[in-house]
Amino acid sequence: MATLVEFRAKNPEYNDMPDVALADALHSKFYADIPKPQFYKQLGLVGADIPGSEKATTLPSQPISMQDRIMGAIETPAIIAGQFGQMVATPLAKMFGEAYGGYGTPQGKEMGQKAAQVTSQQFYQPRTETGPDIVNQLGKTLSALPPTLGSTGSTLNAVAPAAIGQVRNMVAPAAASTQQRMAALLQPKQTAMMGGGAASTDEALLRQQRAMSQNIPLTKGEQLQSFPIQQFESEVVKENPELAKSLIQFKEGQKKAILSRFEQLSEQTGAEYADPTAYRKVGSLVDSALVKEFDAKKLKVDKAYQAARDAGETKQVVSTAPLEQWLESNAPEAISVPAINTIDAKLQQLKKIKNGQVTIDDLEELYKSAGQLAEPGKPSGTFMKQVKGVINDMTEGAGGDLYRAARTQRAELGNQFENTYRVAKLLGTKGGYADRAVALDDVFSHVVLDGSLEEMRTVTKLLKKGGSEGQQAYAELQGQTVQYLKDQLTKNASGQLSFAKLKSAIDTLDREDKLTYMFGKQGRDSLIDLRNTVQDALVKPPGSVNYSNTGSVVLRGLDKLAAIRFPLAKSAADIVKNRELTQKVEESTKYNALADALKGKK
């Protein structure tokens, strides 16, 4: 078994965990069968029972490599520049704090100390052990010389009074605004998570877990939903695109991941043609499957009626009084619904030809005429349905067994295809024309979007029972639904993703339980998670986007210092700014709330 030092050498990502915490984690996960004291001993962990040792971290000693020596030499100028910047900027910051807190007062001294401490921390910090050693050796060598600043020949004592005077003159005209900026500088930094408590931590973990399940990356600000971090992430890509290149690439990858997730869900439905441009193709597949199923069932009904005719069961004479009474009661409606007059005329013609002896066969022909005159969704559709109902009542119990069996099959056909608006309109034509009542391009909207859940069921149930062709047509509707949601997300002239339209589309379908019906509970939950993850990625808190002057107060102060004409001020400000921005950009793209939680971080 490797010792703790050896484990840390191979796994440096755990170096921020205390010894006991790391040992306990390894024990519980891999070595629970070994007594803990024995396990500590094997790890080489000594003093684990001493108070405070649970916070200790034993790191492996690192030999100084040739690379470290070279990098130390390279960073030496930056260390010197940083130390010089600290020497100049720290006293200035302390002076500002004392001035606005009150010279000589406890509050002024406290503000001065805080300002000096925060400012000092902004400058370049050594990253190797050899760099500071080189600087120290240089200091010993130059200790005998006057404290000059390179080729300028000016001592720090000579520069400082002039610089302080320039700063005082620069800030004096705007004392009030400067005081506000200093107050902002001295405020404690806001924690990464708004709220800071366990609730916000849990929410960040849920966001990241949800995003990972969707295979969509989130930035640090998006995981934590932190206003200042999202504000930084929004502004840095505009103000410093070169330094923020990795964040820009991260967001581009995030956009691709979001769109890929929709494609993946669409493929999981089994759809072959689902695409925002394939509405006509999907409509054609649905129409073909329905027509094929209707024709097959209609053929069975026709054969059943023919069998009844061949047996002579449809020759029975039936009284037409009920239909005549209905036509008389609805005569006023015939003014706006000509189909009523048409049925009346056909009935009178039958009575005249048959000398009043109207048979079941005659009424069946009248039944067909009523079906042809009906227009789904229009008054003629409503009144012709009533005519067919009257004829059914008139022939109820008439004829023989074959005729009654044929009537049952026809009633089932009518309920499935003719008496249901969504289905009847799909199969129908515009009154008096050969044009479809529903264009193929509009079939998807007609079935999935426009009607109620119950109306959608009337169509999709037929498809599900319509054999392989019908089932594939239903899969195309499922896939097209996912593509429709993706289309709402991308339907933006600027090329940006639009969460508002996606949310509206998903919420509308979910409100009527259509998502659960079409994709099952698991599929519905996946789409809701996808919606929420897209919201985390795209929706920013008010004020975090297009917000001017969002840089930190310290960096803005360094910009002011850079304007003062004294040596290395500009380079010191640039070094600090670039270092801080680069570090924050890296944190935004590599942060993982789950990983930090596993390490015990908040």
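**From one pair to the whole chain**

Tutor: Start with Arg8 and Asp19, whose side chains make a polar contact of 2.9 Å. A polar contact is a pair of N or O atoms within 3.5 Å; within protein, one must be able to donate a hydrogen and the other to accept it, and residues adjacent in sequence count only if both atoms are side-chain atoms. The model is predicted, so local features need pLDDT of at least 70 and side-chain atom pairs count only at pLDDT 80 or more, while totals for chains, interfaces and linings use all residues. Residues are numbered from 1 along each chain as its sequence is written, and side-chain values use heavy atoms, with hydrogens and water left out.

Arg8 sits in helix H1 (residues 4-10). Helices (H or I, at least four residues) and strands (E, at least two) are DSSP runs, numbered from the N terminus. Arg8 is buried, at 1% relative accessible area. Buried means under 20%, exposed over 50%, and partly exposed in between (1.4 Å probe, protein chains only).

Gln483 lies in helix H22 (residues 467-490). Gln483 is buried too, with a relative accessible area of 2%. Its side chain makes a polar contact of 3.4 Å with the side chain of Ser266. Beyond four places in sequence, Gln483 touches Glu263, Ser266, Ala274, Asp275 and Pro276. Touching, or contact, means heavy atoms within 4.5 Å.

Follow Ser266 into H12. This helix (residues 245-268) has 24 residues and reaches 34 Å from first C-alpha to last, close to the 34 Å expected at 1.5 Å a residue. The expected span is 1.5 Å times one less than the number of residues. The buried residues in H12 include Gln254, Arg261 and Ser266, along with Leu247, Phe250 and Phe262. Just after H12, Gly270 takes a positive phi of about 90 degrees.

The other pair is Arg309 and Asp361. A polar contact of 3.1 Å joins their side chains. Arg309 belongs to helix H13. Here the arginine is partly exposed, at 22% relative accessible area. Not counting residues up to four places away in sequence, Arg309 touches Thr314, Asp361 and Lys368. Arg309 and Tyr403 are 94 residues apart in sequence, but 7.9 Å apart in space, C-alpha to C-alpha.

Now the nonpolar interior. A nonpolar core is a set of buried Ala, Val, Leu, Ile, Met, Phe, Trp, Tyr and Cys residues joined through side-chain atoms within 4.5 Å. The largest one has 80 residues; Leu323, Leu463, Leu477 and Leu485 have the most contacts inside it. Helix H13 (residues 279-310) gives the largest share of this core, 10 residues. A second, separate core has 11 residues, among them Val20, Leu26, Ile34 and Phe39. Back to Leu463: leaving aside neighbours within four places in sequence, its contacts include Val286, Ala289, Leu290, Tyr474 and Leu477.

Ala339, Ile340, Ile343, Leu347 and Leu350 are buried in H15. Seen down the axis, the buried residues of H15 fall within an arc of 110 degrees, so they line one face. The arc is that of the directions from the helix axis to the C-beta atoms. The face turned away carries the exposed residues Pro338, Lys352 and Ile353. Cover for the buried residues of H15 includes helix H14 (321-329), helix H16 (360-373) and helix H17 (379-395). Just after H15, Asn355 takes a positive phi of about 60 degrees.

Ile229, in helix H11 (residues 227-239), counts as buried at 16% relative accessibility. Ile229 and Val585 are 356 residues apart in sequence and 10.0 Å apart in space, C-alpha to C-alpha.

Finally, the whole chain. It has 27 helices and zero strands. Of its 602 residues, 40% count as buried. Among contacts with a separation of 6 or more, 72% join residues 24 or more positions apart. The accessible surface is about 32,400 Å², with 54% belonging to carbon and sulfur atoms. Accessible areas come from the Shrake-Rupley method with a 1.4 Å probe; for residues, only the protein chains shown count as cover.
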